[in-house]
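Here is a short report on one protein model. It covers the fold, the charged pairs and the surface.

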Amino acid sequence: MINDTWAQLTPADSTQYCLEHRILATEGVFDNYRNTRYYEKPYQRRNRVSFTIAKTIYNEDMTNRINFLSRKNREDPWTGY
């Protein structure tokens, strides 16, 4: 007799798998696996690392800009118009 574990899953198990998948995705485990499946040439690795650094800096700047613009208790810079 074949032991099919997928057929025996309950909805609670499905919720736990979704939670585990989300945690692993946010920690970057899947990205790390995708990047290390095949050999990465040195120039490709340099390009990937520099792009990741640039993207991180850009995202941080955009987050700071959005947080600044979404503040409610700041003085109106365009008084008189």
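The text below goes from the overall picture to single residues.

**Overall picture**

The model is predicted. Its secondary structure comes to 3 helices and 0 strands. Read along the sequence, the pattern is α-α-α. The accessible surface is about 8,200 Å². Carbon and sulfur atoms hold 56% of that surface. Of the 81 residues in the protein, 0% are buried.

**Salt bridges**

A search of the whole structure finds 2 salt bridges. The table lists both pairs with their distances.

| Asp31 | Arg34 | 2.6 Å |

Take Asp31 and Arg34. Both sit in helix H2, which spans residues 29-36. They are 3 residues apart there, so about one helical turn separates them. Asp31 is partly exposed, with a relative accessible area of 40%. Arg34 is also partly exposed, at 47%. Buried would require under 20%, and exposed over 50%. Asp31, at 40%, therefore falls in between.

Now take Glu40 and Arg48. Glu40 has a relative accessibility of 23% and counts as partly exposed. Arg48 stands at 29% and counts as partly exposed.

**Around Arg48**

Arg48 lies in helix H3. Which residues does Arg48 touch, not counting residues up to four places away in sequence? They are Asn35 and Glu40. Asn35 is 13 residues from Arg48 in sequence. In space, the two are 9.8 Å apart, C-alpha to C-alpha.

**Nonpolar surface patch**

Which residues make the nonpolar surface patch? Val49, Ile53 and Ile57 do, and the patch covers about 240 Å². Val49 is found in helix H3, which runs over residues 42-69. Is Val49 buried, partly exposed or exposed? Val49 is partly exposed, with a relative accessible area of 32%. Patch residues need over 30% relative accessible area, so Val49 passes this cut-off at 32%.

**Helix H3 in brief**

Helix H3 holds Arg48 and Val49. Val49 belongs to the nonpolar patch with Ile53 and Ile57.

How values were computed
Residues numbered from 1 in each chain as written. Predicted model: local features only at pLDDT ≥ 70, side-chain atom pairs only at ≥ 80, totals over all residues. Heavy atoms only, no water. Patch = residues over 30% accessible without salt bridge, like charges linked within 9 Å, V, L, I, M, F, W, Y side chains within 5 Å. Areas by Shrake-Rupley, 256 points an atom, 1.4 Å probe, with all protein chains shown as cover. Salt bridge = Lys/Arg side-chain N within 4 Å of Asp/Glu carboxyl O. Helix = DSSP H or I, 4+ residues; strand = E, 2+ residues; numbered from the N terminus. Buried < 20%, exposed > 50% of the residue type's maximum accessible area, 1.4 Å probe, protein only. Contact = heavy atoms within 4.5 Å.
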